[in-house]
Amino acid sequence: MRTTLAAASLCLMALMATGFPFERKASTKEKRVQYAAWDDVNVIAHGLLQLGQGLKEHVDKTKVQMRDISSKLKAFNSTVSELGKESHRLRAEGEALKVRAHGLEDREGRLLNVTSELKEQAEEAQQERRAARGRMSRLEEKVDSLLQGEADSGPNSVRNSSESRVIQSMLEAQNKRIDDLMDRIQLQQEKLDKQNTRIRSLQSQIQQTKDTAKSAKAGAMIQTVSVEQQDSPMGIASNCHELFLRGETSSGVYTIQPLDGQAAFEVFCEMTAEGGWTVIQKRQDGSVDFDQLWQAYQKGFGSLNGEFWLGLEKIHSLTKDGDHVLKVQFSDWKDLSEAVVMPFSVGAEDTKYSLNIQPAETMGNLESSLATEATSGMPFSTRDQDNDHKTDINCAKHLSGGWWFSNCGHSNLNGRYFQSPPPKQRHQRKQGVFWKTWRGRYYPLKTTTMMVAPVEIKNKA
């Protein structure tokens, strides 16, 4: 800019110099007066006018660019300020979650101590039982010998008979004591089972708290990544199959954002040869307690790298357009597996997240455990939200966990997880994880996985 102005100034000075006459002594006798040509003056003036016009346009364009840069800087500063506030809030929530996690760990430690004491008492009771059985065995041998001696001896039969009655009464007392010990052992075993259940529940809560704290720490990073991905040509994928189409082939945890505008969230993607499946439920070892209330099932719980339920609200946002299929995989304790695929969608909260399955010609007996009454919409139920088709029984409370119950008998993949062998009591076995049309209502399954994908993946499966 300064160089251009300097050049313009030199040209102007040259013009002024040539615009006035000047004298030059040709000789002592004559003088000649010279003037600049008028055409040259016009050319230089026209060039200066064009130069000035160009400078003016350049200045105006620079002002517009400066205003744009200033507005973008203001927007950027506002975004940075909001992210800073959000980061501070998430940091405070993370500290609160840490305090809660420490409290849960203390409770777990106390429960472990109580469990250790109960185990010691049970072991003592079993030792007493073994000692009593040993004494009883010796007494039985003595009674047999006395009875044999009574048959062989005549004069001493009365005395032996008296001794036999005494020993018989002692045996009865020992039997009664053994029965009491058995009752105590049974009671201690029930207490141990309850304590183990509480410990698993607390471990699940601690894991959820740790996962929530981890998610809170990563919240600001996810929001920043979301902004960057929105500015990028590709953006965030709406489901796992879209990630597969973009080149992702490894199963694991990814961030997606459904097309309905809901905030981005993390899911576990199961990448297969035919495409990417978004996992919404997984059972494998009983580490997570699925006997949860409505709010927990609505938001989701568990760990994406272990056992979890994704959440009814997220499942609805993934499948509400109706162009999705559900794939259910399960295995038994002989490591035999089976899978079913069916059209699938979940309604909004005002429908109680009703399950909708469109009838298809390819459906068979296995699908009927879920699809029998879901063609017209089957609401979700928990023990604090009774929405099943039974009028006299709360299926979620009578069985266990939350599920799309019809009459309590077809399926329940969110029931209690039983290790093999299953409990002997029939009312306990039907609280387990079952799919009636595969292994029956009273067979607790070993693993289950529920996952969804766009309907076009079904033609490749």
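**Disulfides, a buried helix and surface features of the chain**

The torsion about the S-S bond of Cys395 and Cys408 is about -85°, and the disulfide is therefore left-handed. This pair bridges distant parts of the chain, since Cys395 belongs to helix α9 (residues 395-398), while Cys408 is found in the loop between α9 and β11 (411-412), 13 residues apart from its partner. The S to S distance in the link of Cys395 and Cys408 is 1.8 Å, and both of these cysteines are buried. As the model is a predicted one, these values describe computed coordinates.

In general terms, a disulfide is a covalent bond between the sulfur atoms of two cysteines. The structure holds 2 disulfides, and the other one joins Cys240 to Cys269, with an S to S distance of 2.0 Å. The link of Cys240 and Cys269 is left-handed, with -75° about the S-S bond. Here too distant parts of the chain are linked, with Cys240 in helix α5 (residues 240-245) and Cys269 in strand β4 (residues 265-271), 29 residues apart. Cys240 has a relative accessible area of 0% and is therefore buried, the cut-off being under 20%. Cys269, likewise at 0% relative accessibility, counts as buried. When the bonded cysteines are counted along the chain, the disulfides of the protein chain follow the pattern 1-2, 3-4.

The protein chain as a whole comes to 11 helices and 13 strands. Of its 461 residues, 36% are buried, and the chain exposes about 27,700 Å², of which carbon and sulfur atoms supply 52%.

The buried residues of α7 are Leu312, Ile315, His316, Ser317, Leu318 and Thr319.

Lys352 lies in the loop between β9 (337-346) and β10 (355-356), and its phi is near 60°, a positive value in a residue other than glycine. Tyr353 is placed in the loop between β9 and β10 as well, and phi of Tyr353 is near 50°, which is again a positive value in a residue other than glycine. As regards accessibility, Lys352 is partly exposed, with a relative accessible area of 33%, whereas Tyr353, at 0% relative accessibility, counts as buried.

On the surface, a nonpolar patch is formed by Met66, Ile69 and Leu73, which together have about 310 Å² of accessible area. One of these residues, Ile69, is located in helix α2 (residues 38-152). The relative accessible area of Ile69 is 46%, and this residue is therefore partly exposed. An α-helix has 3.6 residues a turn, so residues three or four places apart point the same way.

Note on methods. Residues are numbered from 1 along each chain as its sequence is written. This is a predicted model: local features need pLDDT of at least 70, side-chain atom pairs count only at pLDDT 80 or more; totals for chains, interfaces and linings use all residues. Side-chain values use heavy atoms; hydrogens and water are left out. Helices (H or I, at least four residues) and strands (E, at least two) are DSSP runs, numbered from the N terminus. Buried means under 20% relative accessible area, exposed over 50%, partly exposed in between (1.4 Å probe, protein chains only). Accessible areas come from the Shrake-Rupley method with a 1.4 Å probe; for residues, only the protein chains shown count as cover. A disulfide is a pair of cysteine sulfur atoms within 2.5 Å. Patches are made of residues with over 30% relative accessible area and no salt bridge: like charges are joined within 9 Å, nonpolar side chains (Val, Leu, Ile, Met, Phe, Trp, Tyr) within 5 Å. A salt bridge is a side-chain nitrogen of Lys or Arg within 4 Å of a carboxyl oxygen of Asp or Glu.
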